[in-house]
Amino acid sequence: MELNYFDLLSPEPMPLWNMGGVICPTLREISKITYNTYQKYLFVLSMTPKIYFNITGQSGYYEYLPDEQKASFHIFDLIIQDRQILFIAETALNFFLEYKTKYSEQLRCFLLYKNEKESPAGNIDKELWLSVCDIILQRNHAKQKNEDLSNIKSKKALSIVQKLQKGRENKQKRAKTDKNMELGNIISAVANKSSSLNIINIWDMTVYQLWDTFYRTCNNNVLDIQSMSVATWGDKNSLFDSAAWYKDIHI
């Protein structure tokens with residue numbers, strides 16, 4: 001489910017089935033649980049089977065398996081069999097969803113309660129897991145790393161998807177971590193660049209609004225430089241786009 005730009009920017013919970021809604025936390029709410037905890041939540045919700053086996057010290061076992069068997073693993077099954085990771089997943093859902101979330105060992109799913117005294121309003125099972133995680137990650141301006149390969153029956157199709165995954169993984173390995181893009185630095189940069197935001201009131205923005213403001217500011221800074229250049233030297237090749245300031249930057 002691809003969320004539209006308006007819903008991503010909205011501070012209101014995104015209505016979702018029988019789950020109440022998906023919350024986009026404010027920077028203040030993230031600060032209350034600490035940034036490391038927030039990152040841990042996003043990490044678990046975007047976890048792949050390969051990452052699971054790596055962090056649990058089973059990477060050698062996983063890499064030895066044939067591709068068909070690797071593809072048969074579903075991350076939901078791996079999460080619910082690991083008590084430590086299951087606890088983080090349950091806590092993460094309680095942070096990002098409006099309804100109270102509690103895992104049921106008997107039903108092998110997360111039950112959602114609008115009111116603890118009432119019956120469950122809905123549930124998140126294996127079939128819904130990736131979709132719910134994807135929407136949560138979209139609301140947090142994060143990317144979904146996981147794909148369900150367990151339902152792909154064609155060996156050819158499976159081979160193509162796995163090659164694409166390996167390509168993305170290799171690209172991510174080569175990419176160096178940019179400290180300039182860490183959330184704390186982005187908060188400081190936006191607060192000190194904006195004419196209306198500051199280090200006091202910026203905490204009431206949602207995390208998606210912050211990233212959107214950052215990219216929009218970067219885009220407008222480039223436009224300002226181009227504007228000054230055109231005003232001084234002209235635009236002989238007619239390359240300057242005066243409407244660039246309101247072009248869609250939704251990425």
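The model is predicted. It holds twelve helices and three strands.

**Overall**
- Of the 251 residues in the protein, 38% are buried.
- Among contacts with a separation of 6 or more, 62% are between residues 24 or more positions apart.

**The sheet**
- The three strands make an open sheet, ordered β1-β2-β3, with antiparallel pairing.
- β1 (100-104) and β3 (122-124) are the edge strands; each has a single partner strand, so one side of each lacks a neighbour in the sheet.
- From one strand to the next, the twist averages 35°.
- Five bridges link β1 to β2 (residues 109-113), in the antiparallel sense.
- Tyr 103 has Phe 110, in β2, as its bridge partner.

**Helix α8**
- α8 covers residues 83-96, which is 14 residues.
- From first C-alpha to last, α8 reaches 20 Å, close to the 20 Å expected at 1.5 Å a residue.
- At its start, a side-chain oxygen of Asp 82 comes to within 3.2 Å of the backbone nitrogen of Gln 84.
- α8 lies across β1, β2 and β3. Its direction is at about 155° to β1.
- Which residues of α8 are buried? They are Ile 85, Leu 86, Ile 88, Ala 89, Glu 90, Ala 92, Leu 93, Phe 95 and Phe 96.
- An α-helix has 3.6 residues a turn, so residues three or four places apart point the same way.
- Ile 85, Ala 89, Ala 92 and Phe 96 are among the buried residues of α8.
- Glu 90 is also on the buried list.

**Asn 140**
- Where does Asn 140 lie? It sits in the loop between α9 (126-139) and α10 (155-174).
- Is Asn 140 buried or exposed? Asn 140 counts as buried because its relative accessibility is 2%, and the cut-off for buried is under 20%.
- The side chain of Asn 140 makes a polar contact of 2.7 Å with the side chain of Tyr 38.
- Beyond neighbours within four places in sequence, Asn 140 is in contact with Pro 25, Tyr 38, Leu 42, Phe 96 and Val 207.

Notes. Residues numbered from 1 in each chain as written. Predicted model: local features only at pLDDT ≥ 70, side-chain atom pairs only at ≥ 80, totals over all residues. Heavy atoms only, no water. Helix = DSSP H or I, 4+ residues; strand = E, 2+ residues; numbered from the N terminus. Expected span 1.5 Å × (residues − 1). Buried < 20%, exposed > 50% of the residue type's maximum accessible area, 1.4 Å probe, protein only. Polar contact = N/O pair within 3.5 Å; in protein donor to acceptor, adjacent residues only side chain to side chain. Contact = heavy atoms within 4.5 Å. Pairing = 2+ DSSP bridges. Axes fitted to C-alpha atoms, helices over the stretch in contact; angles between N-to-C directions.
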